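Subject: Structure for you to look at

Hello,

Here is the structure I said I would pass on. Please open it first, then read the notes below it.

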Amino acid sequence: MLPPRRIRRRGLATALAVTALLAGGVAGAAAQPQEAPAAAAAAAEATGHRILFDNAHAETAGNADWIISTSQPDPLLQDSAPSAETDWTGALSAWGVALQKAGGYSMKTLPSGSSLSYGGTAALDLANFDTLVIPEPNTLFTAAEKTAIMKFVQGGGGLFMIADHTGADRNNDGYDAVEVFNDLMSNNSVDATNPFGITVDTLNVGSDFPAAINDSADPVLHGAFGNVSKSLIASGTTATLRPADNPSVKGLLYRTGYSGTTGAFFATSTFGSGRVAFWGDTSPVDDGTGQSGNTLYDGWNDPGATNAPLALNATAWLSGGESGGTTPPPSTTCAAAQLLGNNGFESGAATWSASSGVITNSTGRTPRTGSYYAWLGGNGTAVTETLSQSVTVPAGCSASLGFYLKIDTAETATTAYDTLKVQVLNGSGTVLRTLATYSNANAVSTYTKRSFDLSAYAGQTVTLKYTVTEGSKLQTSFVIDDTALDVA
């Protein structure tokens, strides 16, 4: 028997608020994270992975020289075909030259005096890039910049945060990289609840060679640019990981004597559709060359560490590039198929596990196609609702999860009071990855397709789970239809 129409608990005032919000394009809510249009996607395919190095936040103050080239924004104007790190001038030139020589990467620098933006028309707007590298910023990001960074990551961008030891205030403005990054993660308009699950420690660790964890499948530790065994600290810091805030956070290299949630020198995480990497010191990416007058340290080529492959593999991973051991190559014998049962919900709750009334044909919201859809939230009371289905991804196949999502809300603030998490779980119920987190701040009145690469789970049986956690007052409805798990 198909489920009855769902009845939502909300008063007339709330219903009128919803109507007004929808009519006004969800006034007061933050705009939906921008997704690259077809033209931008075609340009990305033509130019390769697009990396923006930040130099707008005192990255060359004092004795620092955290740039790939003095030619900004385009390093190719210094040398269009660099073969050695000295062909570009900057302490990060070895990093930039290595990517240029590898092919498939295009790089720009955001010059001093500029500001970070997302969704605008400027050539250096974050919407035109796949990854943002921020190497030891020494000035706070403005409120607008923090919103831009967070929405960029939430919408699918990669963020590389490289810190330094506490007290490294190179421009004497009262802020060092530790404080700048912690302010970004705890004081922004998108999600200020430690969204990456990372807190940068207030430490000055003099020296160490942090060791990599044993994980042969990790794409950052074992990627196309080589294998990582150790990094180095030459006056740097670490991070405390907080999986309760973000279960996707993962420590990859740890200070000697540390493991788990403390002493993480290099860590990765996800937020929304994007990826995040943290490194506790700039010394590992310092190539010992740079502008005249700077005393630099050659950590890039240090024989006791493997910093170059760590930086390059992480850049590839952040940009959605080479995935090392986690993504099997597509098989020529893998039959194209859609694997989810009852993927449009037209058979009611069949195949899916869902909270009562989630799969519905209620006229309170509209399906994208057919008569049935999944409606999570919309109660205006403190509640958690879930929707899930287990599926086996054939070995050797590429796989992609897609679904259409529409969000409407009675909230008028941009604070994330009501959230939807899209996650991949293993057979024991452990979260393997949080693919995206949406909230009332992402309200959009039309169905928008969301897509995620699940090729890393080929050969495994996983559970795809949608979890909505709603606050105690105003409603937010997360409406899902026309799901698909396509393999080829």
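The largest cavity has a volume of about 40 Å³. Please keep in mind that this is a predicted model. Searching the whole structure gives 1 cavity of 30 Å³ or more.

Which residues line the largest cavity? They are Gln154, Val190, Asp191, Ala416, Thr419, Thr437, Tyr438, Ser439 and Asn442. Sorted by class, this lining has 3 nonpolar, 5 polar and 1 charged residues. Strand β22 gives the most to it, with 3 residues.

Some of these names come up again in the second largest pocket. That pocket has a volume of about 280 Å³ and a lining of 19 residues. Nearest its centre lie Asp191, Thr193, Ala416, Thr419 and Thr437. At least two lining residues come from each of β21 (419-425) and β22 (431-439). The pocket lining divides into 7 nonpolar, 9 polar and 3 charged residues.

The other thing to look at is a pair of helices. Helix α3 (residues 93-102) packs with helix α6 (residues 307-318) at an angle of about 55 degrees, and their axes are 11 Å apart. The crossing of α3 past α6 is right-handed.

Where the two helices touch, Trp95, Ala98 and Leu99 in α3 meet Ala311, Leu312 and Thr315 in α6. The residues of this contact are 5 nonpolar, 1 polar and no charged.

Regards

Key: Residues are numbered from 1 along each chain as its sequence is written. This is a predicted model: local features need pLDDT of at least 70, side-chain atom pairs count only at pLDDT 80 or more; totals for chains, interfaces and linings use all residues. Side-chain values use heavy atoms; hydrogens and water are left out. On a 1 Å grid over the protein atoms alone, a cavity is a set of points where a 1.4 Å probe fits but cannot get out, and a pocket is an open set with protein on both sides within 12 Å along at least five of seven lines; lining residues have an atom within 4 Å of a point. Grid points are joined across faces, edges and corners, and a volume is the space filled by probe spheres set on the points. Helices (H or I, at least four residues) and strands (E, at least two) are DSSP runs, numbered from the N terminus. Ala, Val, Leu, Ile, Met, Phe, Trp, Tyr, Cys and Pro count as nonpolar, Asp, Glu, Lys and Arg as charged, and the others, Gly among them, as polar. Axes are lines fitted to C-alpha atoms, for helices over the stretch in contact, and angles run from 0 to 180 degrees between N-to-C directions. A crossing is left-handed if the near helix is turned anticlockwise from the far one by less than a right angle, and right-handed if clockwise. Contact means heavy atoms within 4.5 Å.
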